[in-house]
Amino acid sequence: MEIKYSNQNNGETYLKIKVGTQPYTIRGYSRAGLKTCILIDEMNLVFDMGYSNDRAYSYDNKFISHGHTDHIGALHTDHCARKLYNITKERFYIMPKQCINPFKMIASAVSEMNCGKAGENIKVFDTLLSTRLLDAESCVDTYQTLIGSSKLISEYCVKSIQMDHKIKSFGYIIYRKSKRLRPEYVGLPGNQIAKIRAEIGDENLTQEHLTPLVAYTGDTTIQGIIQNQELLNVPLLIMECTGFSEDDKSDCHCGKHIHINDIAKYSNLFANEKIILFHFSQQYRTIDEILGYCQHLPKDLTDKLIYFF
Ligand SMILES: [Zn+2]
Ligand SMILES: [Zn+2]
């Protein structure tokens, strides 16, 4: 694993890690109330756009957790940057239903301003150019294929999951799609499989299998996590953790966020291979300060933790 904290890397965190067989290059920055934008290179994917990382505009999949400004506030710049750089290929947005209209209004207003108009008669975009826009509510029970030019990207799909926050907020789970033999054919010798394939066709011999790879929680309480078994089992969990000190506990719970002691309390439930913590309160100025508050955590939990500082 290679990690450069924001103070070592021009104000952004850079993380290179392999979880199972899946490599991840994860970059971005996150502070509660200020800005969160987390990119995964291998999946052509951005979680939240509370600010716009320099490269974010070139990624085609953008999944927004909720309407708080520190998570969606810079999404409209994506719109303008793609126009400026003449990127016409399709992009894929998912966001909570309640964000869609306000976002269209913001994008329309910014577009007017960008063209030097005074905005006296703003026409709100009905649809966004080259954009596949879905509400997160409709992705809770369906799996959506990620978009991108490489074949590899289309092997990934996403599902949303409702979290527990002050306003409606969604997390996202990314899966890899693969074809596996239907149970009745498992264990048969290769020549027999080939014969059956010729008779009934590949589509009847195999079925689609989804392997969960990574989940992103957005803002949530610990209840939002522990009520979702999938989040506790996914190999890589990117989980918010806003507070660390004892004094910060009530603020944290009042804002419907996670405090490190909440994670400690339920530590035995986390079956993930690795857990990346993000969304630290701005009052924690150094990574050492945060680590100082994590001394009491059980070792099998600390072995999993990565701090996106
Ligand atoms: Zn936030
Ligand atoms: Zn929030």
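**Which contacts with a separation of 6 or more make up 57% of the total in the chain?**

**View 1. The whole chain at a glance.** Residues 24 or more positions apart account for that 57%, where two residues count as touching if their C-beta atoms, placed from the backbone, lie within 7 Å. What you're looking at is a predicted model, in which local features need pLDDT of at least 70 and side-chain atom pairs count only at pLDDT 80 or more, while totals for chains, interfaces and linings use all residues. Residues are numbered from 1 along each chain as its sequence is written, and chains are lettered from A and ligands numbered from 1 in the order in which they are written. The chain comes to 11 helices and 15 strands; these are DSSP runs numbered from the N terminus, with at least four residues for helices (H or I) and at least two for strands (E). Its C-alpha trace spans about 65 × 55 × 35 Å along the principal axes. A compact globule of 309 residues would have a radius of gyration near 19 Å, and the chain's 21 Å agrees with that. (That radius is taken over C-alpha atoms, and the globule rule is 2.2 Å times the number of residues to the power 0.38.) Of the 309 residues, 37% count as buried. Buried here means that 20 or more other C-beta atoms lie within 10 Å of the residue's own; 12 or fewer makes it exposed, and anything in between partly exposed, with C-beta atoms placed from the backbone.

**View 2. The eight-strand sheet.** Here's an open sheet in the order S1-S2-S3-S4-S5-S6-S7-S8, with mixed pairing. At its edges sit strand S1 (2–4) and strand S8 (131–135), each pairing on one side only. From one strand to the next, the twist averages 15 degrees; strand axes are lines fitted to C-alpha atoms, and angles run from 0 to 180 degrees between N-to-C directions. Two strands pair if DSSP finds at least two bridges between them. Strand S7 (residues 91–95) and S8 run parallel over five bridges, and Arg91 has Thr131 in S8 as its bridge partner.

View 3. On one hand, S3 runs antiparallel to strand S2 (residues 13–19), joined by seven bridges, with Tyr14 opposite Arg27 in S3. That hairpin has two residues between the strands, and its Gly20 takes a positive phi near 65 degrees. S3 also runs antiparallel to strand S4 (residues 35–40), this time with six bridges, and Ile26 pairs with Ile40 in S4. Three residues separate the strands in this hairpin, where Gly33 has a positive phi near 75 degrees.

**View 4. Ser52 in its loop.** Look between strand S5 (45–47) and strand S6 (61–63) to find Ser52 in the loop. Ser52 has 19 C-beta neighbours inside 10 Å, so it counts as partly exposed. Leaving out residues up to four places away in sequence, Ser52 touches Cys37, Tyr57, Ala74, Thr77 and Asp78. Take Ala74: it is 22 residues from Ser52 in sequence, but their C-alpha atoms are 5.7 Å apart.

**View 5. The seven-strand sheet.** This open sheet goes S9-S10-S11-S12-S13-S14-S15, and its pairing is mixed. Strand S9 (144–145) and strand S15 (305–307) are at the edges with a single partner strand each, so one side of each has no neighbour in the sheet. Strand S13 (residues 236–240) and strand S14 (residues 274–278) pair in the parallel sense over five bridges. One of the bridged pairs is Ile238 with Ile276 in S14.

**View 6. Inside the largest nonpolar core.** A nonpolar core is a set of buried Ala, Val, Leu, Ile, Met, Phe, Trp, Tyr and Cys residues joined through C-beta atoms within 7 Å. The largest one has 63 residues, and Tyr172, Ile174, Ala215 and Ile238 touch the most other members. Strand S11 (residues 170–181) gives the most to this core, with five residues. Skipping neighbours within four places in sequence, Tyr172 contacts Phe47, Phe63, Val158, Ser160, Ala215 and Tyr216.

**View 7. Two residues with a positive phi.** Most residues other than glycine have a negative phi. Ser130, not a glycine, has a positive phi of about 50 degrees, and sits in the loop between helix H3 (97–114) and S8. His279 isn't a glycine either, and has a positive phi of about 70 degrees; look for His279 in the loop between S14 and helix H10 (287–292). Ser130 counts as partly exposed, with 13 C-beta neighbours inside 10 Å, whereas His279 counts as buried, with 28.
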